[in-house]
Protein chains: 2
Amino acid sequence: MARFFMAGTNIKGGMAVIRGRDAEHVRVLRLRPGEDLIICDGEGTDYRCRLVYADKEQAEAEVVEVVRCPAEPSVKVTLLCGLPKGDRVDYIIQKGVEAGAFEILFFNCERCVARPETPEKKLERWQRIAEEAAKQSGRGIIPQVGWAGEFSQALDVAVKKELGLFMYETGEREALNAVLEEHKHAADMAIITGPEGGFAEFEAKLAKICGLHVCSMGERILRCETAPIVALTAAMYATGNLA
Amino acid sequence: MARFFMAGTNIKGGMAVIRGRDAEHVRVLRLRPGEDLIICDGEGTDYRCRLVYADKEQAEAEVVEVVRCPAEPSVKVTLLCGLPKGDRVDYIIQKGVEAGAFEILFFNCERCVARPETPEKKLERWQRIAEEAAKQSGRGIIPQVGWAGEFSQALDVAVKKELGLFMYETGEREALNAVLEEHKHAADMAIITGPEGGFAEFEAKLAKICGLHVCSMGERILRCETAPIVALTAAMYATGNLA
């Protein structure tokens with residue numbers, strides 16, 4: 001079913017008035033009066049509506065039912081990824097949103113090859129990818145995509161969550177499934193993954209000192225764009241959000 | 001560490017003789033005598049070797065240790081995917097191999113948009129993607145990529161496995177995590193996912209009649225190239241292969 005976020009929409013007295021880009025979208029989709037659509041407030045609430053009329057500038061729909069968006073996971077997972085090169089960023093955003101991320105932040109660290117001097121410039125494009133993926137996958141929010149800054153700032157974001165996971169390829173690590181089992185009722189968590197070259201040893205040490213769980217996902221070496229999706233999926237599975 | 005599959009290699013009396021494309025690869029990587037490499041027999045056994053010498057045509061390495069490849073999952077998962085369009089196939093192969101698939105087969109079904117008349121022609125390219133991903137991720141086998149044929153033939157492959165999962169987006173379904181929990185000691189399983197347009201209702205019914213578990217992965221709608229990776233990751237998690 002067609003799905004809109006509320007940007008250009010007002011809901012009042014059981015009627016939704018759709019304007020701007022969304023009204024255009026209604027037209028492009030050739031939705032006709034009587035057809036159903038979902039308007040989402042971006043905070044997890046879905047307004048199930050029936051279209052009453054649509055013209056070039058505006059559409060109106062009657063609110064049939066108000067429900068909590070069933071696709072929204074019960075746990076808020078923040079993905080924190082060492083900035084990779086090129087379209088791997090796009091990939092992490094698209095798949096991360098599909099797989100249920102609450103928020104996706106990139107950061108700079110020792111082995112980052114990509115070092116955009118102003119990642120802020122890219123934020124608008126990144127956010128559009130998230131919005132597109134959120135609509136397509138039926139999410140109840142548009143996950144925020146952002147720039148966390150340097151490695152230490154990424155750690156600072158992670159330590160504030162109920163559970164902080166640091167995915168690392170070598171050395172002494174906890175098993176991801178054991179850690180997740182123990183924290184399966186966490187309300188929020190952070191998952192940190194590295195760039196193409198992985199993390200430097202001092203970064204893993206620092207993460208551990210900060211109280212994060214340095215975790216292994218087994219002996220298969222995952223690409224930097226695959227690791228966050230696999231770890232996120234494991235988190236969704238462990239918290240009962242994949243059923 | 002550099003990783004080779006055995007194509008051009010003979011191991012005899014504790015020495016590995018590397019020829020052909022692999023010998024060239026040794027040269028390209030500028031491996032020097034004394035450096036370590038792994039030669040894998042493609043059936044899950046790793047020969048940890050030390051290079052003795054290398055020239056243009058040939059290299060020789062001393063076998064230091066013979067071990068079971070630690071990256072190989074304990075469960076053999078066959079991914080069966082309704083053939084998608086374009087580079088989504090490549091994506092499924094690359095990420096499927098990284099995430100631990102034993103075998104990846106594509107098939108034709110009701111809503112397939114892509115209908116190559118001779119998918120056989122593409123098999124060589126697909127297999128190369130699998131080989132590349134297997135080397136990079138440290139797999140102990142090169143997962144076979146193949147063409148299963150029509151939908152009914154895909155079902156036939158799946159029913160022969162200890163556990164057969166059919167991922168479906170609507171209607172009455174079992175929760176994926178419940179089914180996986182119950183079968184976490186399975187030696188092999190099949191995971192069937194659909195093409196861009198999903199499965200027709202009769203296909204889901206047929207799968208159920210054949211004894212497959214028609215499963216849900218929650219209310220988020222996953223793209224056809226994302227679903228197999230998410231389901232495979234769930235299977236790896238449930239069987240203890242993500243730790």
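Helices (H or I, at least four residues) and strands (E, at least two) are DSSP runs, numbered from the N terminus.

The backbone is the curious bit: Arg30(A) isn't a glycine, yet its phi is positive, about 55 degrees. Most residues other than glycine have a negative phi. Arg30(B) has a positive phi too, near 55 degrees. It lies in the loop between α1 (20-28) and β4 (36-40) of chain B, and it counts as exposed with 8 C-beta neighbours inside 10 Å.

## Ground rules and confidence

Residues are numbered from 1 along each chain as its sequence is written, and chains are lettered from A, with ligands numbered from 1, in the order in which they are written. As this is a predicted model, local features need pLDDT of at least 70 and side-chain atom pairs count only at pLDDT 80 or more, while totals for chains, interfaces and linings use all residues.

Chain A averages a pLDDT (the predictor's confidence in each residue, from 0 to 100) of 93, and 98% of the residues score at least 70. For the complex, the predictor gives an ipTM of 0.90 and a pTM of 0.91.

## Chain A as a whole

Chain A has 7 helices and 13 strands. Its C-alpha trace spans about 60 × 40 × 30 Å along the principal axes, and 48% of its 243 residues count as buried. Two residues are in contact if their C-beta atoms, placed from the backbone, lie within 7 Å. Take the contacts in chain A between residues at least 6 apart in sequence: 74% of them join residues at least 24 apart.

## Where the chains meet

On the chain B side, 32 residues are in contact with 32 residues of chain A. Four helices of chain B each supply at least two residues to that side: α2 (88-99), α3 (123-137), α5 (176-182) and α7 (227-238). α7(B) gives the most, with 5 residues. By class, the side of chain B that touches chain A has 15 nonpolar, 11 polar and 6 charged residues. Here Ala, Val, Leu, Ile, Met, Phe, Trp, Tyr, Cys and Pro count as nonpolar, Asp, Glu, Lys and Arg as charged, and the others, Gly among them, as polar.

Chain B can be laid on chain A with an RMSD of 0.0 Å by a turn of 180 degrees and a shift of 0.0 Å along the axis, which means the relation is that of a two-fold axis. The same surface serves both copies, as 100% of the contact residues of chain B recur in chain A. (Copies are superposed by least squares on the C-alpha atoms of residues with pLDDT of at least 70 in both.)

## Arg115 in chain B

Arg115(B) lies in the loop between β8 (103-108) and α3 of chain B. With 9 C-beta neighbours inside 10 Å, Arg115(B) counts as exposed. The C-alpha atoms of Arg115(B) and Leu83(B) are separated by 7.7 Å, though the two are 32 residues apart along the chain.

Notes:
Buried ≥ 20, exposed ≤ 12 C-beta atoms within 10 Å, placed from the backbone.
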